[in-house]
Amino acid sequence: MSVKLQHLQHYDPEIYETIIQETKRQTETLELIASENFVSPAVLEACGQEMTNKYAEGYPGKRYYGGCEYVDAAEEMAKSRARELFGAEHVNVQPHAGSQANIAAFFSVLSPGDRVLGMNLSHGGHLTHGSPVNFSGRIFDFSFYGVGKETGCIDLNEVEDVATRTRPKLIVTGASAYSREIDYVGFRTVADKVGAYLISDIAHPAGLIAAGLIPSPVPHCHIVTATTHKTLRGPRGGIIIVGKDAENDLGLKTLKGRSKLWSEVVDSNVFPGFQGGPLMHIIAAKAVAFKEALSPRFKEYSKQVIVNAKCLAENLLEFGFEVVSGGTDTHVMLVDLRNKGLTGKEAEARLESAGITVNKNMVPFDTQSPFVTSGIRIGSPALTTRGMKEPDMRCIAELIHRLLSSAPSESILNSVRADVAQLCAGFPLFVL
Ligand SMILES: Cc1ncc(COP(=O)(O)O)c(C=O)c1O
């Protein structure tokens, strides 16, 4: 526990106890959920301080409230560090989460009813990329591209075919469960061919892109959205990045008849478009995380994230698991459990009972429902933050194999539990 909770312990022992138990759970289990990470003590401190008290609707220098001198300074620092991190002209650091970043980004280029092309959700896409139960699928008219049945990879020819047929106003790249590099140049070529805007959602690989380890979409997209809490290892939140188009004319006019800049359109869609007061404590914490991400140590960490994911995937393959697309270029992999006679739901529960946390996940061409699924998604960012390396990944693959490749038994469960406890005991949550 890196933040002291003595007041909480005194005034609200029930909530205090849930926090203590959650910290213990994180410390004593193997966290393999690809979208989670452990923030540094500095980020954690920035999340829990007095800036949470401040109302600051608007943007630095143009607020609707007084007393914003210091929160303005924090937001400016977050913005300039994020610009440096992503080589961008403009970054909005106010979105409360990735979903809020996406709705504001979509409304920057779309009107209700417009056609959009996104990635099939059961092939790795995200809820906010056109799910019928989400704002995106309810407001816009989505079509989808997916991955090839044989390759498990995005096929740009299919993207072009669907785009040519449906003539979308926007193409969305990015995913929640796709392990391979995305060809942003190819996507932009398709977008230009059909006259569509291109938005990339890098919620997952943002940290790997910031570290320069996989290609960046920023030079090729009109807008890029991201979360700050996954590979980027910051507080829970979102950002919107505007690249080379930031100062171009979007065809929209201000009240005074001047052409609006992309940056202005994006900012006004975040506030007042979809949000009220920004979470200034979280924006301060984002600034801290961006400073960390600019450091050489973050690059080393991110390299190890990829090395660990590749090592885990290779070892799972050796134990007879089917890894979609045969491996990973990033921090994440999708394991198809059909050859093991297991559903994702069963595997998630069995792993959790032994102290290994993953999430069930649809696999491409899945015949199970999203509540059952045929696969699990596994990621390396959190355990890499704890300092784990290749030998630990080999050990984890063997633990997963022991649990999932044979019928469940109390003795296997107990032996894996003991090994998980021993492995976790050797690593703090965050290596300073
Ligand atoms: C690709 C993608 N976009 C957006 C989001 C939404 O982020 P949030 O949960 O912060 O709203 C996620 C979250 O998992 C994601 O994977």
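Helices (H or I, at least four residues) and strands (E, at least two) are DSSP runs, numbered from the N terminus. On that numbering, R167 sits in the loop that links helix 7 (156-166) to strand 7 (170-173). Keep in mind that this is a predicted model. R167 isn't a glycine, yet its phi is positive, near 45°. With a relative accessible area of 43%, R167 is partly exposed, because that label covers the range between 20% and 50%.

R233 is another non-glycine residue with a positive phi, this one near 60°. You'll find R233 in the loop between strand 9 (223-227) and strand 10 (238-242). Its relative accessibility is 10%, so R233 counts as buried, the cut-off being under 20%.

There's also a cis peptide bond to look at: it joins F271 and P272, with omega at about 10°. P272 belongs to helix 10 (residues 262-274).

## Around the ligand

Now for the ligand. The shell around the ligand holds 13 residues, and the ones that come nearest are G98, S99, S176, D201 and K230. Sorted by class, the shell has eight polar, three nonpolar and two charged residues. Helix 5 (residues 98-109) supplies the largest share, three residues.

Here are some of the polar pairs. S99 puts a polar side-chain atom 2.7 Å from a ligand oxygen. For D201, a polar side-chain atom lies 2.5 Å from a nitrogen atom of the ligand. K230 has an N or O atom in its side chain 3.2 Å from an oxygen atom of the ligand. As for cover, the ligand on its own has 390 Å² of accessible area, and the protein covers 84% of that.

## A tyrosine patch

Out on the surface, Y55, Y64 and Y65 make up a nonpolar patch, and together they have about 370 Å² of accessible area. Y64 is located in the loop between strand 3 (62-63) and helix 4 (69-86). Is Y64 buried or exposed? Y64 has 61% relative accessibility, so it counts as exposed, the threshold being over 50%.

## A349 and L403

Last stop: A349, which is part of helix 13 (residues 344-353). A349 has a relative accessibility of 45%, so it counts as partly exposed. Along the chain, A349 and L403 are 54 residues apart, while their C-alpha atoms are separated by 11 Å.

Notes: Residues numbered from 1 in each chain as written. Predicted model: local features only at pLDDT ≥ 70, side-chain atom pairs only at ≥ 80, totals over all residues. Heavy atoms only, no water. Patch = residues over 30% accessible without salt bridge, like charges linked within 9 Å, V, L, I, M, F, W, Y side chains within 5 Å. Areas by Shrake-Rupley, 256 points an atom, 1.4 Å probe, with all protein chains shown as cover. Salt bridge = Lys/Arg side-chain N within 4 Å of Asp/Glu carboxyl O. Buried < 20%, exposed > 50% of the residue type's maximum accessible area, 1.4 Å probe, protein only. Near = heavy atom within 4 Å. Polar contact = N/O pair within 3.5 Å; in protein donor to acceptor, adjacent residues only side chain to side chain. Nonpolar A, V, L, I, M, F, W, Y, C, P; charged D, E, K, R; others polar.
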